[in-house]
Amino acid sequence: MKCLNNSGAALLITYLVLLFSCDPKEKLSTDPSVDNTQNLKNVVIGTTVDVATTSIVTSGGSIKITKPGTPVDGMEISIPANAFQSVQNFNISYAEIKSHQLGFNFNPVSPMITVAYDGGYSATPMQVTIPIILPAGQFAMAFFYDELTGKLEGVPVLKLSSTSITVASSHFMSGSDLKSGSINLKAGTLFKSKVNMIISTISESILENTVIISSGFIPGRDDWEFVNYGSYIEPNGHCAGQSIAAMWYYYEKKPIGGAGLYHQFDVLNDKLKPSFMWMDNPLGYRLSSTLYNDFNFQGWVRSVMFQSFVPGLMFKAFASAIL
């Protein structure tokens, strides 16, 4: 059954997930006496160490790092069968995080891990398991780190233990690639791409005792004004499309001068009568319907239902990502 409400929960769940990349790194010396420190935006890292280069065929497979003595020993990436339509070449590397300026709530317990591949979305999400040492009373969260902006993007967490974290993603692409406009994602065009991943911890007491944890998104200002009654191509509702469109506008358009989305693009724009002619926004309604039509909503629902068996994990992932 398709949902019929433009709920903030659907918006937050769907969005836990956007950003990343930078200039190619210079070739670094392997001489331990040479300072290989790399100053990125908000993060300082050490020497980049390559740990795996392999190809995954269309029938799927896994990449497991066996490098005793390194912080990525035991890391594994699982690629489902038929996730890609052609062979994918992967390269995995890591670099020590020497310092950062990402705030009090960001405490790395992994190096910066870089996953490079041929690019594109996988038909089924890939899973990444990363070894960690999780201190008592701490919660671990995975983030994609954007070298251009210095910002972080939360990555959905599937499992967490004292020794590892498992996350899911349908791509390892940088925000600069996704925003460049030079690639045709829908056509499945392949392009060399990479993403940086960092595992960070936060005190569980902070998550439990912080009274208000807000992303800044406010219903009635940042969401659509129209009701989700469905459309010709999605007669049973387009809730996920409506939420994705609102999130895209909030994170990509509003920061560069856009006003609040609510009543921003309808014709009558009567904010004193929010229910009056709510359908008077055909382009916004069409965008929401089209996004929903392109979106694997049933697969997303199954994923959320699976994660609902560990509600504490989901709540803490949301809270830590927003903080």
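Guide: Q138, A140, A142 and F144 point one way from strand β9, while F139, M141, F143 and Y145 point the other way, and all are buried, where buried means under 20% relative accessible area, exposed over 50% and partly exposed in between, with a 1.4 Å probe and protein chains only. The model is predicted, so local features need pLDDT of at least 70 and side-chain atom pairs count only at pLDDT 80 or more, whereas totals for chains, interfaces and linings use all residues. Residues are numbered from 1 along each chain as its sequence is written, and side-chain values use heavy atoms, with hydrogens and water left out.

Strand β9 covers residues 138-145, and eight of its eight residues are buried. Strands (E, at least two residues) and helices (H or I, at least four) are DSSP runs, numbered from the N terminus.

The partners of the strand come next. Two strands pair if DSSP finds at least two bridges between them. Strand β13, residues 193-203, runs antiparallel to β9, and eight bridges join the two. Strand β10, residues 152-155, also pairs with β9 in the antiparallel sense, over four bridges.

F144 has a bridge partner in each of these strands: M197 in β13 and E153 in β10.
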